[in-house]
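Please look over the sequence and the structure below before reading on.

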Amino acid sequence: MTTSAHLPADSALEPGSHGLGNTVTDRLVAANRAYAARFTDPGMDARPVLGVAVVACMDARLDLHAALGLELGDCHTIRNAGGVVTDDTIRSLTISQRALGTRSVILIHHTGCGLERLTEDFRHELELEVGQRPAWAVESFRDVDQDVRQSMQRVRTNPFLPHKDDVRGFVFDVHTGLLREIDPAS
C-alpha cells in the first residue's frame with residue numbers, strides 16, 4: 001500500500017510554474033496527470049452497481065474499497081469526521097436512494113477516532129478565536145458503539161429515506177482491519 005502520491009521523475013514542477021511550487025496539491029495534480037494519461041472511460045453511470053451507500057469516517061487510515069472488497073462503481077461513499085449521520089449525510093443518502101437507486105446503507109465508524117477526544121467545547125473555542133460560532137455540531141462521542149447505534153437510528157427514522165430495511169453499522173479496527181458489527185438493539 002502506498003502512503004503518498006508518488007510522481008514520475010519527469011513530473012516535477014518548476015518554481016514559478018502554474019502551481020505554487022512543490023506543495024502537496026501540486027504533487028496530487030501531477031499524479032492526476034499521470035493517472036489521466038492511463039485512464040480509460042469505464043462506461044459507467046452514477047448508479048452504484050451494488051446499490052449500496054457506505055457512510056464512513058474521513059480518517060486517512062480507512063481504505064474502504066480495499067477493506068470491503070469494492071471496485072470502482074460498486075458503491076456511493078459518503079465520508080465525514082466520525083462517519084456520523086448529520087443533515088448533510090441524510091442529504092447525500094436521500095439523493096443516493098431516490099435519484100440513484102441505492103437500497104442498502106452501511107455505516108462504518110472506527111477505533112481510535114479523533115471525535116472521541118473532542119467535545120462540543122471545540123465550537124466555543126472556534127467562536128472565541130474567529131468571532132463566529134459554527135452552525136454545525138461537532139458530533140463528538142465517547143462510546144463508538146453507541147454512536148454507531150445513534151447513526152443507524154437516524155437513518156432508520158428519517159422520513160426522506162425510503163429504503164431502511166438494510167441498514168447496518170460496524171466499527172473498523174484500525175489495528176487489525178476487521179469490521180465488528182454493532183447490534184442496533186444493545
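Predicted model: local features only at pLDDT ≥ 70, side-chain atom pairs only at ≥ 80, totals over all residues.

Residues are numbered from 1 along each chain as its sequence is written, and side-chain values use heavy atoms, with hydrogens and water left out.

An open sheet of five strands runs in the order 2-1-3-4-5 with mixed pairing; strands are DSSP runs of E, at least two residues, and helices are runs of H or I, at least four, both numbered from the N terminus. Two strands pair if DSSP finds at least two bridges between them. At the edges are strand 2 (75–80) and strand 5 (179–182), each pairing on one side only. Strand 3 (residues 104–110) and strand 4 (residues 166–172) are parallel and share seven bridges; here I108 stands opposite F170 of strand 4.

Helix 3 (residues 87–100) contains Q97. Q97 is buried, at 4% relative accessible area (buried means under 20%, with a 1.4 Å probe and protein chains only). A polar atom of the Q97 side chain lies 2.9 Å from the backbone oxygen of H163. Beyond neighbours within four places in sequence, Q97 is in contact (heavy atoms within 4.5 Å) with T102, V105, L161, P162 and H163.

The whole structure has zero disulfides. C57 is buried at 4%, and C113 is buried at 3%.

Note on methods: Buried < 20%, exposed > 50% of the residue type's maximum accessible area, 1.4 Å probe, protein only. Polar contact = N/O pair within 3.5 Å; in protein donor to acceptor, adjacent residues only side chain to side chain. Disulfide = S-S within 2.5 Å.
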